[in-house]
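Here is a friendly walk through one model, from its overall layout to the residues around its ligand. Keep the 3D view open as you read.

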Amino acid sequence: MSNQNGLKRYTGSERLNHWLIALLFVLAGLSGLAMFHPSMFFLSGLFGGGSLTRIVHPFIGSAMFVLFLIISLRFWHHNVLNKNDIQWLKQIGDVMANHEERLPEVGRYNGGQKAAFWVMVVSMIALVVTGVMFWRPYFVDYFSVDVRRIAAVVHAVAAWGLILTIIVHVYAAIWVKGTIGGMRTGMVSRAWARKHHPGWFKEETGQK
Ligand code: HEM
């Protein structure tokens, strides 16, 4: 949908879906970090102490996974990488230097956003699969000690991968003015769309 004020980028339910994931990500991250290293154990105070942190973390993570599954089923088709996206990623130097005019045409999402989407998918799957393996007392009997040890390491690596990706995701959302407004209100300005996502702008408006 487009009108004189701007273009519709997200529906209400997509926004709710996204912001619930963001909230659960913060809670899962804080409770996970509290258990990751003694230097961050003080964070367990936010969840009512060590035992409660340990109990709630897998439930928060599971809820986040289910909501992420829903958003990824809704958005995966917008994130299929094409030739332009690969070229965009190769020209990341021009992206950083603000030389948008040298970049190939960007559609609904740019190569960086699409790559971040797939890193999120891979890390979320890795987190849920490995997390279940050492979730006491529910599933722990199904896996040997060795398997659970490997699962714990993969879980930590996937969590760091996701945290770093989300830091970049949030930084980019702040850096490109008008992007957060899209996820907050559902609308983006026509100028924002023309400048940052010209291919999507053309699709939405039929204008060249
Ligand atoms: C914590 C603060 C977060 C902020 C400020 C934020 C901000 C945003 C914004 C502004 C967009 C719209 C981008 C656009 O329209 O071009 C977006 C899209 C999206 N965000 Fe977030 N986000 C956050 C956390 C997360 C988390 C934790 C996840 C998943 C684990 C996530 C997954 C997504 C996905 C899948 C999209 C759609 C983009 C795509 O399909 O490629 N976000 N986010």
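The secondary structure of this protein amounts to nine helices and two strands, where helices (H or I, at least four residues) and strands (E, at least two) are DSSP runs numbered from the N terminus. Along the sequence, these elements follow the pattern β-α-α-α-α-α-α-α-β-α-α. The model is predicted, with local features needing pLDDT of at least 70 and side-chain atom pairs counting only at pLDDT 80 or more, while totals for chains, interfaces and linings use all residues. Residues are numbered from 1 along each chain as its sequence is written, and side-chain values use heavy atoms, leaving out hydrogens and water.

**Overall layout**

The C-alpha trace spans about 60 × 30 × 30 Å along its principal axes. Of the 208 residues, 38% count as buried; buried means under 20% relative accessible area, exposed over 50%, and partly exposed in between, with a 1.4 Å probe and protein chains only. Among contacts with a separation of 6 or more, 67% come from residues 24 or more positions apart, a contact being heavy atoms within 4.5 Å.

The protein is divided into domain 1 (11-77) and domain 2 (80-208), with bounds that come from an automatic or database domain assignment. Taken over C-alpha atoms, the centres of domain 1 and domain 2 are 17 Å apart. The contact between them takes 18 residues from domain 1 and 25 residues from domain 2.

**The nonpolar cores**

A nonpolar core here is a set of buried Ala, Val, Leu, Ile, Met, Phe, Trp, Tyr and Cys residues joined through side-chain atoms within 4.5 Å. The largest one has 28 residues, and Met64, Phe68 and Leu162 have the most contacts inside it. Helices α1, α2, α5 and α6 each supply at least two residues of this core, and α2 gives the most, with seven residues. Domain 1 (11-77) and domain 2 (80-208) both contribute residues, so this core lies between them.

Leaving aside residues up to four places away in sequence, methionine 64 touches Ile21, Leu24, Phe25, Ala28, Met124 and Leu162.

Just after α9, glycine 206 takes a positive phi of about 75°.

**Around the ligand**

Which residues come nearest to the ligand? Of the 21 residues around the ligand, they are Arg9, Tyr10, His18, Asn79 and His169, a residue being near if one of its heavy atoms lies within 4 Å. By class, the shell has 15 nonpolar, five polar and one charged residues. In this scheme Ala, Val, Leu, Ile, Met, Phe, Trp, Tyr, Cys and Pro count as nonpolar, Asp, Glu, Lys and Arg as charged, and the others, Gly among them, as polar.

Helices α1 (12-36), α2 (50-75), α5 (111-133), α6 (145-175) and α7 (179-185) each supply at least two residues of the shell. Of these, α1 gives the most, with five residues. The shell also draws at least three residues from each of domain 1 (11-77) and domain 2 (80-208).

| Residue | Ligand atom | Distance |
|---|---|---|
| Histidine 18 | nitrogen | 2.8 Å |
| Asparagine 79 | oxygen | 2.7 Å |
| Histidine 169 | nitrogen | 2.7 Å |

Arginine 108 is found in the loop between α4 (92-96) and α5. It counts as buried because its relative accessibility is 13%. Not counting residues up to four places away in sequence, arginine 108 touches Arg9, Tyr10, His78, Gln113, His197 and Trp200. The C-alpha atoms of arginine 108 and glutamate 204, 96 residues apart along the chain, are separated by 9.8 Å.

Aspartate 94 sits in helix α4 and is buried, with a relative accessible area of 16%.

Glycine 111 has its place in helix α5 and is buried at a relative accessible area of 0%. Beyond four places in sequence, glycine 111 touches Leu81, Asp85, Trp88 and Leu89.

Note on methods: Polar contact = N/O pair within 3.5 Å; in protein donor to acceptor, adjacent residues only side chain to side chain.
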